[in-house]
Number of protein chains: 2
Amino acid sequence: MDSVPAITFSTAAGLTPAVRVQAESTLLDAARVAGVEMDATCGGRGRCRSCRVKVLSGEISPPTLQDTLQLGHDEVKERFRLACQTHAMSDCTVTPMPPKAESGYQILAGQVDLASSAGLRLDCGVTKHVITAKSPVGEHHQTSDVEEILACLPPTVERRLPLELLRKVPGALRKQKGRLTVTTFNEEIVDIEVGDTSAHRYGMAFDIGTTSIVGTLMDLATGEQLAAVGGLNPQAQYGGDLMSRIAYAQFDEAKLATLRGKILSGINDFIKEACEKARISAAQIYKIVVVGNTCMHHVFLGIDVSYVGLAPYAPAIRDPLVYSAREIPLKAAPNAKVCLLPIVAGFVGADTMACVLATRIYESEEIRALVDIGTNGEVVMGSKGKLFACSAPAGPALEGAQIRHGMRGALGAIERVEIGADVACKVIGDAPAIGICGSGLIDACAKMLEASVIDANGLLRRESSAALAPALQRRILSGEGGRQFVLVWKEDAGRDHDISVTQADIRQLQLAKSAIYSGIIMLRDVMGVRDDEIHELMLCGGFGNYISIESSVKIRLLPELPIDRITYMGNAAAIGAQMALLSETERLRAFDLAQKIEHVALAARPEFQAIFVDGMNFSGESFAAQERRTRNAAPAPGAIAAGATVSAMPHAVVSAADRRYVAS
Amino acid sequence: MDSVPAITFSTAAGLTPAVRVQAESTLLDAARVAGVEMDATCGGRGRCRSCRVKVLSGEISPPTLQDTLQLGHDEVKERFRLACQTHAMSDCTVTPMPPKAESGYQILAGQVDLASSAGLRLDCGVTKHVITAKSPVGEHHQTSDVEEILACLPPTVERRLPLELLRKVPGALRKQKGRLTVTTFNEEIVDIEVGDTSAHRYGMAFDIGTTSIVGTLMDLATGEQLAAVGGLNPQAQYGGDLMSRIAYAQFDEAKLATLRGKILSGINDFIKEACEKARISAAQIYKIVVVGNTCMHHVFLGIDVSYVGLAPYAPAIRDPLVYSAREIPLKAAPNAKVCLLPIVAGFVGADTMACVLATRIYESEEIRALVDIGTNGEVVMGSKGKLFACSAPAGPALEGAQIRHGMRGALGAIERVEIGADVACKVIGDAPAIGICGSGLIDACAKMLEASVIDANGLLRRESSAALAPALQRRILSGEGGRQFVLVWKEDAGRDHDISVTQADIRQLQLAKSAIYSGIIMLRDVMGVRDDEIHELMLCGGFGNYISIESSVKIRLLPELPIDRITYMGNAAAIGAQMALLSETERLRAFDLAQKIEHVALAARPEFQAIFVDGMNFSGESFAAQERRTRNAAPAPGAIAAGATVSAMPHAVVSAADRRYVAS
């Protein structure tokens, strides 16, 4: 053992006796032999900084990628190292150092444990093969570098290498005496690295919404969430809602390229941000799962969306797709395979497919429904036996668009309303009110209905109505923009105008909520079940998780189920994407499900018109009916009679899926 | 039929009666119905200009790609059209025009008819499927554009589309009511075009030599050669011979990228040039076959060549490869699949494989040999039963390098020498002599040997030797550079120096020719056959086709076979590439052959040294032996005795394959 370097540790208690360990052992192993206490929170995989040391003297192995990522170039230069990554090359003196603050690793603690909570099988499809390949030697060789590498791999691995990898094979093979890690995704070689990098196998899941993008960096081996990133979709400047974005790029290749460039650079930035947070190398991201509605899916790939915006809103492709990041191109993660979940039909996109995966509705014994509320509301209903799906064109009212004081669910938005003798509002961030967001509008209308400020037809009561408390009477104003109900007086908001709900806002909400409601009812009717047979109604997506369930039932956005049957599911699309990332079983299940889900095209159903018109109404009686009950009066102007034709139905204009996502 | 447009022709004989034809019929069809004589040399495929017409009045279909390619934008604007490409959209008057001069089509006449001369099966692997796909219609669709297209294709076609094609699917599907041409290469979709483009299916074969590049554009349907292009390899500025080029790029990624950039831009330019010559669209080139020696093969793909230049000269990969042009990238032909023939071993590269295909040596009943003479000489020997191959490191002398007045085989190079009472030289282009090319040097030495100016050891006679005619005696000079033999006096060359062959030049030639000769002898010995059992020795490659067979045998560059057994095969590498282009049977045959050919590593054979030293000698006697015969003299200084060790053997220095190619 005398040729093996001796390692001495300099601790607070003084120098330890020198220890000698095998050449392949690390300084961490040596510390254990020497009885020096040293943490290895990550299990000695170079993934945390708990075993940080400084090498005071002696020769050590060159810094690994993990040394540099965890400690930074400066520390590495000053001979700081991760003990788990470092080998002594000559006699050394090493001193343990306090671990650095671990921004990357601490995020792990906050992870959602998908693997155990969703009962997920961890079979991401990405495998790392650590091999020692021979170099072709001798004059008589009739072989090549690639053949020597393939000889060390299972015979199921495909022979074909991406050109980018083939280019670096000769150098990689000869750098550490043939010690290589070959990474495969479903038997296809996606990376060749020098040395043993088997501890580093990462992936990302992206949910690309019209408004927001959510990305999650995960350890493919453990299912750990390493970093969460997200923000606004950088395309927003070219149209807040989906149809205006399609209109921007329609029949114009250059503008489509602009939209695509925005989303790609956004995703590239999110990848870099996540890798910096978690201190991992983006080159070791091998799988990226992307979900999004049909338009986002197509724009991300650069597919012409002209016809996605025109009836019958046909997608260019529904197949599940796998492209290399270089082909997309996603330059930030050059070795990744980018997987897109399949599209069911038209606007029932890959995001809905992800919700189906996340809710596991396909294995329910009872009938369940999932509803993703947004500019387009997707509804999936059914059970183990059969699933039906539709896309309901709600329009952008629920996102605050086309509402006089509408805004997104951000600081200053009214999100809840209480009406008693007077009105009280809850504002996001408890800030002065700036406007009303979608969930606030739903709540306001539900409470106005309860307080009899509006009736079942959505008609706003006259200001003079004696049926209202005086404070509420005062809040009903008639002006240039028609009748309105003031939620916050301008003095209280500190603004130059009152914040109110107008008669026109109520009409917009009626159109939007009826679309969602009608979608649910339509599927229920197609399945031939009663409301009480719907065992659970699951609200997916960021928006759905902010609305008041009681208020939503009150205004008939959701059908009148017992409240405890309606549940919040979080950002199911993002969770579904993560499941497909961690598990090929789940990703492949989506292929199968996409073919089995039956699409119900609402506009093509003759009965839809009647359902939609009925769905415009809120629950309860109209003022007219109330009056008729008391004194046989004529119908009030502005009320919509059941069965009437509504020409303002926004189907053709806003038949597009859209929603707000939040981090799950 | 009354709704069908009426077509009237205005000919020298006056207006014809109006004819009516089916909507899908062309003006060429109408002319035939009307009895108007109109040539269609290409068979109505838009490939020539013999059916040129001018449309005097009436509405016609938009110009096709072929209209524009054949007639140019200006003529198309003036309503000139190809009758075979044009449909009447309303009543028309059309006048036949004299065909334009046909630079593109005339090249066809000069074609090598590979299909019949080589008995080639035309199965290029590229298929055009003309389909009429439905667009997804109606609200109830649960389909997509791609699914509608796939439904019209054979089920064997792969579902996966390159992203570039997927991007344009929606637009293409809706342009001509679903009329599309889908092109596949071995069941993989490589192009989707609007309308029926089935007449246009092209490919290119490239032979990338160290010195020159030869490209051939071919019609994949007919095997016609449409254009030949070629020129110097633009990498030449980074080293004329192969080893200096490897040295340039060795362990330097940026310099490798420079070399690769040069070759790619060269090939891109050749593609454009060929398409302009033949007036076809480069987007309709679907297959490109590339052959070249191991170094050119690797550099073309951007593979690290560092170890190709170091013993044991292992290639990174020997497999036959297929990459998309976008991946390479070859931007000039974006839809092409680029196919590289396999490498046998080390320097027995894809070009040798192409020679094997072209000569069909693998099906010979008798033993044959093929020799590709260049900086590296590749030799393949054998028959139907078994083939052996080796690579002989000749060095650059045969290309004129390291020869005092050496030059390439270009204008002004001495290529043949006659010696009687005095010397007479034949110069390329019958121009004043500038220098000597390889074939000239071989011929000069053979004739000097015959005239007893040199002996079997390559020793140059003293100027005073009475055995020579006086004119020859005068041509032997001794100066600062050693002894030399003047071929052309400076006065005759119009230069400031004589053009001569030096003693050192002869030594260089001896090293070079012995390498080739030894390779042949080595394979002969490995196979255990006699010279007279070699049924045919086939000279492949540009250089081999310029040398004098008699002189090559005389100096023992080639073994002493009956002259009629040694044949010129033209640029067999280029022909082999063309065969693999036109026929997948041939391309796949190469896979099979590459695995069956046994590589003989010359330097690893202990007997090679002796063969090489013996091979240094020319045929006949040494002066010393002649003298011994007459008066028992001592061996002349400078002669190499059989069995001596030659330390100047250039194996390690110039172990690289190299040759000059000419158009086949």
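In the predicted model, Ser514(A) lies in helix H14 (residues 503–527) of chain A, helices (H or I, at least four residues) and strands (E, at least two) being DSSP runs numbered from the N terminus. Ser514(A) has 25 C-beta neighbours inside 10 Å and so counts as buried; a residue is termed buried if 20 or more other C-beta atoms lie within 10 Å of its own, exposed if 12 or fewer, and partly exposed in between, with C-beta atoms placed from the backbone. When neighbours within four places in sequence are left aside, Ser514(A) is in contact with Phe612(A), Gly615(A) and Met616(A), where contact requires C-beta atoms, placed from the backbone, to lie within 7 Å.

Residues are numbered from 1 along each chain as its sequence is written, and chains are lettered from A and ligands numbered from 1 in the order in which they are written. Because the model is predicted, local features need pLDDT of at least 70 and side-chain atom pairs count only at pLDDT 80 or more, whereas totals for chains, interfaces and linings use all residues.

Chain A contains 20 helices and 27 strands, and its C-alpha atoms fill a box of roughly 110 × 60 × 50 Å along the principal axes. Of its 664 residues, 54% count as buried. Among contacts in chain A between residues at least 6 apart in sequence, 69% join residues at least 24 apart. Helix H10 (residues 350–359) of chain A has 10 of its 10 residues buried, so this helix is largely enclosed by the rest of the structure. Arg360(A), with a positive phi near 55°, follows H10(A).

The contact between the chains takes 41 residues from chain A and 41 residues from chain B. On the side of chain A that touches chain B, helix H5 (145–150) and helix H6 (163–173) each supply at least two residues, and H6(A) gives the most, with seven residues. This side divides into 20 nonpolar, 10 polar and 11 charged residues; Ala, Val, Leu, Ile, Met, Phe, Trp, Tyr, Cys and Pro count as nonpolar, Asp, Glu, Lys and Arg as charged, and the others, Gly among them, as polar. The buried residues of H6(A) include Leu166(A), Arg167(A) and Val169(A). Their cover includes H5, strand S8 (179–185) and strand S9 (188–194) of chain A together with H9 of chain B.

Chain A can be laid on chain B with an RMSD of 0.2 Å by a turn of 179° and a shift of 0.0 Å along the axis, with superposition by least squares on the C-alpha atoms of residues with pLDDT of at least 70 in both copies. This is the relation of a two-fold axis. In chain A, the C-alpha nearest the axis belongs to Glu327(A), at 4.3 Å. The copies meet through the same surface, because 100% of the interface residues of chain A are also interface residues in chain B.

In chain B, six strands form an open sheet of mixed pairing in the order S12-S11-S10-S13-S15-S14, two strands being paired if DSSP finds at least two bridges between them. Strand S12 (225–232) and strand S14 (321–324) stand at the edges. Strand S11 (residues 212–219) is joined to S12(B) by seven bridges in an antiparallel arrangement, and Leu217(B) stands opposite Ala227(B) in S12(B).

Note on methods
Two residues are in contact if their C-beta atoms, placed from the backbone, lie within 7 Å.
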